[in-house]
Amino acid sequence: MYGLIGSITATPGNGDVLVGHLLAGLRDMPGNLVYIVGKDAANPDKLWVTEVWTDAASHMASLKLPQVQTAIAKARPIIAAMGDRQEFLPVGGVGLPEGVSE
């Protein structure tokens, strides 16, 4: 499996709008196991996105999907900053298939 977690900060007052754009592109993403968008507890315009994919290639392929391209195009004008980004190797947890870490 392949995972990413990162932060995105919207322009002031646009956190909820950015959430909507990020969630709009989620349908039919082959290889996606988990995609969570959450608001930062201290800053409503800062979002944290956690993704788990079957593999890195599935994640890269998702960036070319029409609905993801549309979501990116709508979100781009209200993104003030892309923050920390970390790749990780998921080994298990609630919502993930069992035995995939081997």
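Reader: What makes the contact of Arg85 and Glu87 a salt bridge?

Author: In this predicted model, the side chains of Arg85 and Glu87 come to 3.6 Å, N to O. The cut-off is 4 Å between a side-chain nitrogen of Lys or Arg and a carboxyl oxygen of Asp or Glu, so the pair qualifies.

Reader: Why is Arg85 called exposed, and what is Glu87 called?

Author: Exposed means over 50% relative accessible area. Arg85 has 52%, so the term applies. Glu87 has 44%, which lies between 20% and 50%, so Glu87 is partly exposed.

Reader: How many salt bridges are there by this rule?

Author: The count is two. Asp16 and Lys39 form a salt bridge as well, with 2.4 Å between the closest N and O atoms. Asp16 belongs to helix H1 and Lys39 to strand E2, so this pair ties together parts 23 residues apart in sequence. Asp16 is exposed at 53%, while Lys39 is partly exposed at 45%.

Reader: Which residues of helix H1 are buried, and how do you know whether they line one face?

Author: The buried residues of H1 (residues 15–24) are Gly15, Leu18, Val19, His21 and Leu22. Seen down the helix axis, they fall within an arc of 165°, so they line one face. Their cover includes E1, E2, E3, helix H3 (66–75) and E4.

Reader: What makes E2 and E4 edge strands?

Author: The open sheet has the order E2-E3-E1-E4, with antiparallel pairing. Strands E2 (32–39) and E4 (79–88) each have a single partner strand, so one side of each lacks a neighbour in the sheet.

Terms used:
Residues are numbered from 1 along each chain as its sequence is written. This is a predicted model: local features need pLDDT of at least 70, side-chain atom pairs count only at pLDDT 80 or more; totals for chains, interfaces and linings use all residues. Side-chain values use heavy atoms; hydrogens and water are left out. Two strands pair if DSSP finds at least two bridges between them. Helices (H or I, at least four residues) and strands (E, at least two) are DSSP runs, numbered from the N terminus. Buried means under 20% relative accessible area, exposed over 50%, partly exposed in between (1.4 Å probe, protein chains only). The arc is that of the directions from the helix axis to the C-beta atoms. Contact means heavy atoms within 4.5 Å.
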